Amino acid sequence: MIDPTKYYHTLELDKILERLCSFAGCEVSRERLLATKPQSDYREVCGEMERTNAAYTLCVRYGAPAIYNVQDCAASLKRAQVGASLSLRELLAIARVLYNVRTLKAYRERCEEEHTALDELFWALGENKYLEDMIGSAIVSEEELADDASGELMDIRRKIRAAQASVREQLDRMIRSPHYQTYLQESIVTIRDGRFVVPVKIEHKNEIKGMVHDTSSSGATVFIEPAGVVEQNNKIRLLEGEEQKEIARIIAALSAECGSYADSIMLSFEKLVELDVCFAKARYGQETRSVVPKLREDGGIDIKGGRHPLIDPAKIVPIDIRLGTDFDTIVITGPNTGGKTVALKTLGLLTLMAMCGMMIPAGEGSEVSVFEYILADIGDEQSIEQSLSTFSAHMTNIVSILEVANERSLVLMDELGAGTDPVEGAALAVAILERLRLFGCKIAATTHYAEIKMFALQTPGVENACCEFDLATLRPTYRLLIGVPGRSNAFAISQRLGLDEGVIEAAKGHVASDNARFEDVVTQLEQARQSLEEERRKVDALVASAERERREAEAFRENLEKQKEFEINKARSQAGRIVSDVRAQSEKLLCELDEIRKQKDNPAFSSLAQGAKAGYRSAMRALEDRANPVSGERQEDYVLPRPLREGDSVKISSFGTNGVVLREPDKSGNVFVRSGSIKTKVPLSELRLIDTPKNKSQPSAGRVSRTLQSKATREGSTEFDMRGMNAEEGIMELERFIDGCVLSGIKNVTVIHGKGTGVLRKAVHEALRRNKSVRTFRLGVFGEGEAGVTIAELK
C-alpha cells in the first residue's frame, strides 16, 4: 500500500495548507488545517465544500467573525470535573473560550441569512454568560484576584492595607527622627521576608532593638525589624495567611463551577474550532479570488481560467484544462520552460484543494471530480545514495503508480519516457499510457516525443495539447491549447540564443524526413490555429458590441415606457385638479347666483348678472385650455425658428426626451439624433428646438449672463382655495401660495379647505404651524366661512 502523502508533497499541497493556517484564529485550528487530508468520499467532500461556501457567503456579506486568543481547555476542564483547583491562567483561558462562543452566536444572529450549512455548528455553541462573568469579575490577571471576588476577601485586604499603613507610619517617624538617622544606611522603609524593615549600618546594629532579617551583599548593611512593629508585622502575616485561604476557596469554587459545565464547554470549543476552520478556508478563498467548483464523481474535470496559487498573481497566466469528458488522456507537448509542468501541477493541486473542501483559484463554472488516488510522477528524483538515475527514479515511481491505479485515479506524469534511448523511451511511454487507460485512469502527461503525439492523434480518447509558443517573439505565452500538438522549437530557441546558423542547418539535415514532415504539419496547424484564433477574437468583439447595443436599446425602450407612464400619471393628476377646479367654480357660481337672486331689486342687477356671466365664461375658457395635457403639445402647430444644425439640442416630442442633432436633415426630412446612448433617425416634424445658450447666438467675449427665476411668484390674491385637492398636493400648493404672499407684502390670507371629515383642515394647520412665515392662524368665524376656512397672519 502506498503513502499518498508523497504525492501531496510533489504537488505542493503542504505549502497551500501552511498558507491556509495563517487565516485561522486559534492554535488548535491551525494544527487541524495543517493536518488536512484530501477526502475520497464524494458525499464528505460535498459537505465540506458546502460549509466552505456558506462561510464564504457570510464573509462577503457580513465580514468574517473575530476568533482569537483561544486555547484548548479540555485537560483543564477534565481536571476541574474531578475536583481539582485550576490556576488563574486556566480559568481565564476558559473565560476566553466562553467569550468567543458568545461573540460567534451574536455574529450569526446579526447575519440575515435564513439558513446556511453552518447553522448546525452555530446552534451547537453553548453560550454561558453566567460563568464568563463570574470568572471575569473575580480575576484581574493571571496573578491576581479582584478585591471584590468575595466580601471576605475584600475585608481581609482592607485590614491588611490598614495594618501596613500603620507600620509604615511608625517606621516613617523613626527614619525621620534625627536620633536614628545617624544609624541608618538610607532613610527608607523596605520589606524582607514579607516584613517591614529599615536598613541599618553594620556598626550600629546594636543601637536599634529588633530582629535582623537580612544582610546586604557587601555586608555593610543589616535589615532590622524594630521591636515596636513586630506585633503589627505579625498581624499582617496572619492576615496574609487568611487572604491565601480565601483565594484558594474562591479558586476552588470557580473551578467546581467550570467542572459542572465542562462537557458543554468542550463541545462548544470543538464546534468553535470547526467554524474557525471553515472561515479560514473562506478567507483564503477571498484572498486568492477563488470560486466554489462543481463537484463530480465521474472523473470529469473542466477547469476554466485555473491559476496556480503559489505563483505570483501578477505573473500567472490562467489556463483552461479539461479531462475525463470527451477524452480520458491528455498529452501535453511544447518547449522547455513553456509551462507544461505548471499545467500538470495546477490540474493536480486544484483537484486536491477541492477534495480538502477548499475553494479553487479558477473561473466560474469550473468542475472538479473526487478521486480515490491522485498519483504524480513529476520532477527529477535521481539519488546517488540509492544508485538511481533520472530514468530509474521515474520508473520506480511509475511502478508504484501501476500497482494502485484504478478507475478512480488521476495520474500525472511529467516527461514520460525521458532519460533513456528516445526510441525505447517513446515505446515504453506509449505502453504505460495504454496500461493506465486499461485500468480506467484519467491521465495527463507531458512529453517531447513525436511518437506519443502520433499516438494521441491516432487513438480515440487520447487528446493532444500544447503550451503555446509565439514564433514571432520566440517566447512562450504559457497558454494551454487543447486539441493541438506542440513543437519543442529547439532549433528556433537555439538560434535566438545565438547558436551558429550552420550548426542549426546541419542539425536539421540529421532529422528524419518523417519527423520533419510531421513537424512541418504541426507548424502549419499552429499557424492556421493562430489565424482562426485572431478571427474568433474579432467575431467575439463584434458579438459583444452587438450585445451591448441591444442592452442599450432595451434600456432606452424601458426608459421610454417609464416616461410614458410618468406622463400618463401626470395627466391624470392634472385632470383631477381640473375636475376640482370645475367643482370649485360651480360652487362659486352657485353662490354668486344666490347673491344675485337676493339683489334682484337692486338697480345694478343687470350689471351684476353680466359680470357673473363674463367671469364664468373666462373661467371655463381657462379650464378648456387645460383640458388636454397629454396630446396638446403634439397637436400644436410648431414651426422651427431656423434650420437645424449639427450639435443643436432638441426635444423629441413623440418620445418626450431630449437629444442632440448629429447630422443635418436628409432629403427625406429625417434627422440623425443621439438621445442618451441611443442613436436614431427622427422625422423633422417630431423635433422641437430647445432654447439653450448653445442654440442661441454666442454672447460677446468676457460676458456671462444668467437668469434666475424663483418658484415663488408674486400673487395679489389673499384667498387660497384647496378644496378638491388631496392633502399632499394641497400643502405643496399652499406653501407656494404663502411664499408669493410674502413676496407681495400681504399680511393676512384666507385658506379655504372646507369642512368635510377634517383631514384637510388638520393637514393645513400642521403645515401652517411649521411654516416660518406664519405668525398666527385661526378658524374662521360667522360670516368668514366658520370651520371651512382658516385665517392666517403672515410675518
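In what order do the 4 strands of the open sheet sit? I started my notebook with that one, keeping in mind that this is a predicted model.

**Entry: the sheet.** I read the order as E22-E23-E25-E24, and the pairing is mixed. Next I looked for the edges: they are strand E22 (719-721) and strand E24 (774-779), each of which pairs on one side only.

**Entry: E22 and its neighbour.** How many bridges join E22 to strand E23? I found 3, with E23 covering residues 748-752 and the two strands running parallel. A reminder to myself: strands of a sheet pair through backbone hydrogen bonds, either parallel or antiparallel.

**Entry: helices across the sheet.** I then looked up what lies across these strands. Helix H22 (residues 727-744) lies across E22, E23, E24 and strand E25 (789-794), and I noted its direction as about 165 degrees to E22. Helix H23 (residues 759-770) lies across E23, E24 and E25, running at about 160 degrees to E24.

**Entry: Thr52.** I moved to another spot and found Thr52 in helix H4, which spans residues 42-62. Is Thr52 buried or exposed? I put it down as buried, because its relative accessible area is 0%, and the cut-off for buried is under 20%. Leaving out residues up to four places away in sequence, I listed what Thr52 touches: Lys281, Ala282, Gly357 and Met359.

Key. Residues are numbered from 1 along each chain as its sequence is written. This is a predicted model: local features need pLDDT of at least 70, side-chain atom pairs count only at pLDDT 80 or more; totals for chains, interfaces and linings use all residues. Side-chain values use heavy atoms; hydrogens and water are left out. Buried means under 20% relative accessible area, exposed over 50%, partly exposed in between (1.4 Å probe, protein chains only). Contact means heavy atoms within 4.5 Å. Two strands pair if DSSP finds at least two bridges between them. Axes are lines fitted to C-alpha atoms, for helices over the stretch in contact, and angles run from 0 to 180 degrees between N-to-C directions.
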